[in-house]
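Dear colleague,

Please find the structure below, handed over for your use. My notes on it follow directly after.

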Amino acid sequence: MNHNDISAPGRGVPTIRLSYEQLRDTLGRFEYFRHWTEDQIRECSILARVVQYAPHQTIPLDLPLPFAYLILSGQCMIMQCLQLTREPTLLSRSEFRLASTEGGVTPPSCPDTASPKAQLELIQNLHDTFNSGQLTDPTNGSVPYDPDKSICFLKTPPQEKPVVHRFLDVGTLGCGAVFGLGERHHHRTIVARTRTQCLLIPRCWLFLKPQNIGNTWQRLCMYLDCILPGRDELFRRFLRDKAWLEYRRWLISETTKRRSGTVMADVPVMCRILQTTPLSKQQEGKSCKKKRR
């Protein structure tokens, strides 16, 4: 990697640009890019960046210029935030209910993103620069990133009923996985589980026809939306796990209260036999000689 050529699509996150040879070798490991030509790889080397995230660091998906993320190394976890309300009942102290996004709880506002026209103008500027033969970065290529706005679902307006947040680990994304293609991320975020390196490619350039033969990226986005459980399914799993934990606590407490009434005579004889002391080496030798005779 060329450590001297560093830009910052995200403030406070180290970003490295790969050379043409390095990017060609990197993309050759994945099936998505086998059909790319040398010109596409060379143009991608100008637009794409490699970003390294520390463990437990949030990967922003709400940048003004949307990026598609290709995991080169490490693992990321998909974390879902469930907004729940507590309602007291007669049978239990409280019962959780999923907060409605239409009525009682409104979805939190995320930071404003740039208009599609401004995004296309930025990519068109980079595209024209590449076609003109001047391999230089645009002057305003960096995109500001505010880490305080990376987890927008934590900023919930005050409600009449107190809202309780529960964070669930939905799944793990490993090396070769792609995300940030426009899949549903309502109250969901991506967090680096280990030290992770991701290749960031501008989504609007990646969705152009030469790089999107057969609508590969749209189909991959639909696949991610289908395979990842939704908000209602995660809430049902949360209630199931909560009921199991309550039953386990009750079973343990009931077991400790019971008296078994077991006496020594109820224990089998084989379990009560004490282990004899091991024979010494001399005794073992004498016993071997007697057996030989």
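In what follows, axes are lines fitted to C-alpha atoms, for helices over the stretch in contact, and angles run from 0 to 180 degrees between N-to-C directions. Helices (H or I, at least four residues) and strands (E, at least two) are DSSP runs, numbered from the N terminus.

The model is predicted, with local features requiring pLDDT of at least 70 and side-chain atom pairs counted only at pLDDT 80 or more, while totals for chains, interfaces and linings use all residues. Residues are numbered from 1 along each chain as its sequence is written, and side-chain values use heavy atoms, with hydrogens and water left out.

Overall composition

The protein chain contains 8 helices and 10 strands. Of its 293 residues, 35% are buried (under 20% relative accessible area, with exposed meaning over 50% and partly exposed in between; 1.4 Å probe, protein chains only). Among contacts (heavy atoms within 4.5 Å) between residues at least 6 apart in sequence, 79% join residues at least 24 apart.

The helix pair

Two packed helices are described by the angle between their axes and the distance between the axes. Helix α1 (residues 20–27) and helix α2 (residues 38–47) have axes that come within 9 Å and cross at roughly 115°. The two helices are therefore roughly perpendicular to each other (65 to 115 degrees; under 35 counts as roughly parallel, over 145 as roughly antiparallel and the rest as oblique). The crossing of α1 past α2 is right-handed, that is, the near helix is turned clockwise from the far one by less than a right angle.

On the α1 side, Tyr 20, Leu 23, Arg 24 and Leu 27 take part, and they meet Glu 38, Ile 41, Arg 42, Cys 44 and Ser 45 of α2. By class, this contact has 5 nonpolar, 1 polar and 3 charged residues (Ala, Val, Leu, Ile, Met, Phe, Trp, Tyr, Cys and Pro are nonpolar; Asp, Glu, Lys and Arg are charged; the others, Gly among them, are polar). Helix α2 is mostly covered, with 7 of its 10 residues buried; among them are Ile 41, Cys 44 and Ser 45.

Strand β1 runs antiparallel to β2 (residues 49–53) and is joined to it by 2 bridges. Thr 15 stands opposite Val 51, and Ile 16 opposite Val 50. Strand β2 also pairs with β10 (residues 196–202) in the antiparallel sense, over 5 bridges, with Tyr 53 opposite Thr 196. In β2, 4 of the 5 residues are buried, so this strand is largely enclosed by the rest of the structure.

Strand β9 and its partners

In strand β9 (residues 188–192), 5 of the 5 residues are buried, so β9 is largely enclosed by the rest of the structure. Arg 188, Ile 190 and Ala 192 point one way, while Thr 189 and Val 191 point the other way. Strand β3 (residues 58–59) pairs antiparallel with β9 over 2 bridges, and strand β5 (residues 76–87) runs antiparallel to β9 with 5 bridges. Ile 190 is the bridge partner of Ile 59 and also stands opposite Ile 78.

With kind regards

Definitions and conventions:
Pairing = 2+ DSSP bridges.
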